[in-house]
Amino acid sequence: KLTAIGLAAAPFANALLSGTAKAADLVSETDPQATALGYKADATKAEKRTDATALCSNCNFYSAKAGETSGPCVLFQGKLVNANGWCTAWAKKTA
Ligand code: SF4
C-alpha cells in the first residue's frame with residue numbers, strides 16, 4: 001500500500017518541479033507590461049516597428065546567448081522574451 005502511495009505522489013512531485021522551472025516563463029503578449037510596451041513575440045506583427053532588422057536578439061536589453069530562441073530582458077524581470085520578438089523600448093545592442 002505504501003508503494004502505491006509513493007507512485008501516486010510522484011506525478012505531483014513532477015508538477016511541483018516543472019512549476020518551479022516555469023518561474024522564467026515566456027512573456028505573454030497580453031501581459032500588462034507587454035501591452036504597454038507593444039511587445040510582440042513575432043516582431044513582424046508589431047505595428048510600431050519601423051526598423052525591419054530590430055529584434056529582441058539584437059536589443060541592448062536582451063541577454064541570452066547567441067542561438068537561443070528566448071532570453072531574459074531587463075524590462076521584463078523574471079520572464080523571457082522571444083529572440084524574434086520586439087517592443088517599443090528596443091535599443092540597438094552596443095556591445
Ligand atoms: Fe525585446 Fe528589447 Fe523590448 Fe526587451 S526591450 S522586449 S529585448 S525589444
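**Before you click.** You're looking at a predicted model, in which local features need pLDDT of at least 70 and side-chain atom pairs count only at pLDDT 80 or more, while totals for chains, interfaces and linings use all residues. Numbering starts from 1 along each chain as its sequence is written, and side-chain values use heavy atoms, with hydrogens and water left out.

**Stop 1: the whole chain.** Switch to cartoon and count the elements: the protein has two helices and two strands, in the order α-α-β-β from the N terminus on. Both kinds of element are DSSP runs numbered from the N terminus, helices being H or I with at least four residues and strands being E with at least two. Now colour by accessibility. Of the 95 residues, 23% count as buried; that label means under 20% relative accessible area, exposed means over 50%, and partly exposed is in between, with a 1.4 Å probe and protein chains only.

**Stop 2: the hairpin.** Select residues 70–73 (strand E1) and 76–82 (strand E2), which pair in the antiparallel sense over four bridges. Pairing here requires that DSSP finds at least two bridges between the strands. E1 and E2 form a hairpin, with two residues between them.

**Stop 3: the cavity.** Hide the ligand and look at the space inside the protein. How many cavities of 30 Å³ or more does a search of the whole structure find? There is one, and the volume of the largest cavity is about 70 Å³. Of its 14 lining residues, Cys56, Cys59, Cys73, Trp86 and Cys87 are the closest to the centre. A cavity here is a set of points, on a 1 Å grid over the protein atoms alone, where a 1.4 Å probe fits but cannot get out; lining residues have an atom within 4 Å of a point. Grid points are joined across faces, edges and corners, and the volume is the space filled by probe spheres set on the points. Colour the lining by class and you get 13 nonpolar, one polar and no charged residues.

**Stop 4: the ligand.** Bring the ligand back: the space it takes is the largest cavity. "Sits in" means that more than half of the molecule's atoms lie within 2 Å of the grid points. Select the surrounding residues: Tyr39, Cys56, Cys59, Phe61, Tyr62, Cys73, Phe76, Val81, Trp86, Cys87 and Trp90. A residue makes this list if one of its heavy atoms lies within 4 Å of the molecule. By class, the shell has 11 nonpolar, no polar and no charged residues. Ala, Val, Leu, Ile, Met, Phe, Trp, Tyr, Cys and Pro count as nonpolar, Asp, Glu, Lys and Arg as charged, and the others, Gly among them, as polar.

**Stop 5: the loop between H2 and E1.** Go to Cys56, in the loop between helix H2 (32–36) and E1. Is Cys56 buried or exposed? Buried, with a relative accessible area of 8%. Next, Leu55 is in that loop too, but it is partly exposed at 21%. Draw a C-alpha distance from Leu55 to Gly85: 5.6 Å, for residues 30 apart along the chain. Asn60 also belongs to the H2–E1 loop and is partly exposed at 35%; its C-alpha lies 7.4 Å from that of Trp90.

**Stop 6: after E2.** Finish on Cys87, in the segment after E2. Cys87 counts as buried, at 9% relative accessibility. Its C-alpha is 5.6 Å from that of Leu37, 50 residues away along the chain.

Key:
1 Å grid on protein atoms, 1.4 Å probe; cavity = no way out; pocket = protein on both sides within 12 Å on 5 of 7 lines; lining within 4 Å.
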